[in-house]
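Please open the structure in your viewer and keep the selection panel at hand. This tour moves from one selection to the next and says what is there at each stop.

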Amino acid sequence: MTDSENKAAPSTPSDFIRDIVAADLASGRHTEIVTRFPPEPNGYLHLGHVRSICLNFGIARENNGRCNLRFDDTNPAKEEVEYVEAIVTDVKWLIAGWADHCLGFKAKGALPNEQLVDGNPDFFAAPVPNSAIPNPQSAIKAEPFFASDYFETLYAYALDLIRRGKAYVCDLSPEDTEKYRGAPDQPGTDSPWRNRSVDENLDLFARMRAGEYPDAARTLRAKIDMASPNVWLRDPLLYRIRHVGHHHAGDGWCIYPLYDYAHCLSDYVEGVTHSLCSLEFVPHRPLYDWILENLSLPRALPRQYEFAKLLPTYTLLSKRNILRLVKENIVSGWDDPRLPTIVGLRRRGVPAAALRRFAIETGITTYNGITDIAVFEHALRDELNNAAERRLAVLRPIKLVLTNIAPGETVECEAVNNPQSESPTKRPLALTREVFIEFDDFAEVPPPKFFRLKPGGEVRLKYACIIKLDEIVKDDSGAVTELRCTADLSTRSGHPNADKKVKGTIHWVSASECIDAEVRLYDRLFTVPEPAGEEDFMKVLNPKSLETVNAKLEPSLAGRCAGERFQFERLGYFTLDSRDSKPDRLVFNRTITLRDTWAK
RNA sequence: UGCCCGAUGGUGUAAUGGUAGCACGAACGACUCUGACUCGUUCUGUCUAGGUUCAAAUCCUAGUCGGGCAGCCA
């Protein structure tokens, strides 16, 4: 099954960033739009990242532009190849068939008219234009970008900044650096090393790179303004010394650039036009601009715009907190289907299209809000309703005997695979003397307006016939063990009384033909809308976030592939578990229940 | 009592000086061989106070409230 085309999609999203992009195109400031999604490979991608991915790839897609997946890998101490690979997989899965043709890819070589910095022969050019991509399907094989691939270029730019008197090597210890920075309401103090000569700075910086100094002994700093009301402008650090290898760049470096220095220049090198990030970077924007503007760069400069993060209710999104759930075995791993990680959501059965719809429909603004997870659940149910074939499955079985059907006799019925499709297909279904129905679908003492099976009552077995309850069989303890009914075979589809109406229709499976499966019923992980706001989110865990049942399924559910999604009628949407399901021992995950307006 | 950003129904958003609209949600009803889907009806809003204007959610001023910023993290 592939993700359905998004029928209900809003035509084209509109927000203040798209307005800016449109204006830049209209004014001729840019002729091609280039964006980027820049995760640090220090953890798994989650629901919160979906907004950024959809925004960046969406804008590229709408403008026939490009979006680079670029790893912001400037801090080797926190990063791992495992995360790089997981992120690539997740991003490609999320945009497959939607914006994969916008995924930029790496191309080496100097740009036309580019002035190589400091004679550096290894300048990374902007990727080839979108028009050079032969076909959308192959484009998704594109390689991701790495900020660490630009280390040589970044170093050359740093030399340039030093020569221009805009950067200096500082010998202050980390503690003193903090002290000299002052406080937000208190100006800082100039570093005693601030006025070293260009030659001395050049020499010292080269020796930093050569590994002559221990970690944290010296830094390279921008020379801006220690009294600036914006603390990010108080001579921010550009490079630090770290004698560690790098997961992507190898062992050649012991100085590493910091985010603010690496990010703007990486954007520039890639030809990014609009650099979109979250609100906490607003105070960094003047620094982003300062670095680019002080280098006298020949090409158009990228510009940074900020938007609010996506924060859904009943969800914990920070990597640190998710890690704690994993470490303390609250969940089974990063791919636990209860987690908001992309791997977890995928394993749970969430289609990429539902994630995209959630991101697009919740919009882009410049103020933080909290989004009701119901918006996501609605998008999810809607995608699944259109795409998933229907099947019958009984989660908590109770035996029901149709006394007027002989043992061994089968009554052939037909079931519709998906009533939402334009020309629905059908499959055969065998009704037998013994069937299982859902325990909840029977009540000896029914509450008011109970439409299901009750003493003396009639109900329809979906796709089969109407039955009447004659007798309730109990064991010594008084527990119901069996329901004995008569089947009115004349009410089957195509038979004389097919149109007979009863208030309730229930699902069932043949006791002799059904197959067994483990079904994992997932619910939200937390009992409160804002778990992150609790003093300890561990105290608001939902004890029923996972319930496992041994279910009975109709036989057509055998031999299915991991990732296939079904609606179990009247219950919800389910998918084969990609990790634990085996042909001889099926495991299904409940993605989400059906909407339930009957729930008391 | 430093700087920056923001404020539209319960929630997420739109309206770019000219009818406050959409979605989610909730309630009720219709339909139904899924108490689903679909359809219909209803519900609730421009933070406050001034000002500019024929006209303000939108522009200005002040206030209130909320968020962010002082990593050699990103």
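**Stop one: a pair of helices**

Begin by selecting helix 2, residues 47-62, together with helix 3, residues 81-95, which pack at an angle of about 60° with their axes 11 Å apart. Please keep in mind throughout the tour that this is a predicted model. An angle between 35 and 65 degrees counts as oblique, and helix 2 and helix 3 are therefore described as oblique to each other. Their crossing is right-handed. To see where the contact is made, show the side chains of Val50, Ile53 and Phe57 on helix 2, and then those of Val91, Leu94 and Ile95 on helix 3.

**Stop two: a second pair of helices**

Two packed helices are described by the angle between their axes and the distance between the axes. With that in mind, select helix 5, residues 151-163, and helix 7, residues 198-209, whose axes come within 9 Å and cross at roughly 160°. Angles over 145 degrees count as roughly antiparallel, and this is therefore the description that helix 5 and helix 7 receive. Helix 5 passes helix 7 in a right-handed crossing. The residues that make the contact are Tyr155, Ala158, Leu159, Ile162 and Arg163 from helix 5, and Val198, Asn201, Leu202, Phe205 and Arg209 from helix 7. By class, this contact of helix 5 with helix 7 has seven nonpolar, one polar and two charged residues.

Now select alanine 142, which sits in the loop between helix 4 (136-139) and strand 3 (145-146). Is alanine 142 buried or exposed? Alanine 142 is buried, because 21 other C-beta atoms lie within 10 Å, and the cut-off for a buried residue is 20 or more.

Most residues other than glycine have a negative phi. Against that background, go to alanine 216, which has a positive phi of about 65° although it is not a glycine. Alanine 216 lies in the loop between helix 7 and strand 5 (219-222), and it counts as partly exposed because it has 14 C-beta neighbours inside 10 Å.

Next, move to aspartate 235, in the loop between strand 5 and strand 6. Its phi is near 45°, again a positive value in a residue other than glycine. Aspartate 235 has 24 C-beta neighbours inside 10 Å and therefore counts as buried.

**Stop four: around the RNA**

Select RNA strand B and the 68 residues around it, of which Asp72, Pro184, Asp185, Tyr367 and Gly369 come nearest. The elements that give two or more residues to this surface are helix 6 (174-181), strand 6 (237-241) and helix 13 (373-387). Colouring the surface near RNA strand B by class shows 25 nonpolar, 20 polar and 23 charged residues.

**Last stop: the whole chain**

Finally, zoom out to chain A, whose secondary structure comes to 13 helices and 25 strands. Its C-alpha atoms fill a box of roughly 100 × 50 × 40 Å along the principal axes. Of the 600 residues of chain A, 40% count as buried.

Methods
Residues are numbered from 1 along each chain as its sequence is written. Chains are lettered from A and ligands numbered from 1 in the order in which they are written. This is a predicted model: local features need pLDDT of at least 70, side-chain atom pairs count only at pLDDT 80 or more; totals for chains, interfaces and linings use all residues. A residue is near a molecule or strand if its C-beta atom, placed from the backbone, lies within 6 Å of it. Helices (H or I, at least four residues) and strands (E, at least two) are DSSP runs, numbered from the N terminus. Ala, Val, Leu, Ile, Met, Phe, Trp, Tyr, Cys and Pro count as nonpolar, Asp, Glu, Lys and Arg as charged, and the others, Gly among them, as polar. Axes are lines fitted to C-alpha atoms, for helices over the stretch in contact, and angles run from 0 to 180 degrees between N-to-C directions. Angles under 35 degrees count as roughly parallel, over 145 as roughly antiparallel, 65 to 115 as roughly perpendicular and the rest as oblique. A crossing is left-handed if the near helix is turned anticlockwise from the far one by less than a right angle, and right-handed if clockwise. Two residues are in contact if their C-beta atoms, placed from the backbone, lie within 7 Å. A residue is buried if 20 or more other C-beta atoms lie within 10 Å of its own, exposed if 12 or fewer, and partly exposed in between; C-beta atoms are placed from the backbone.
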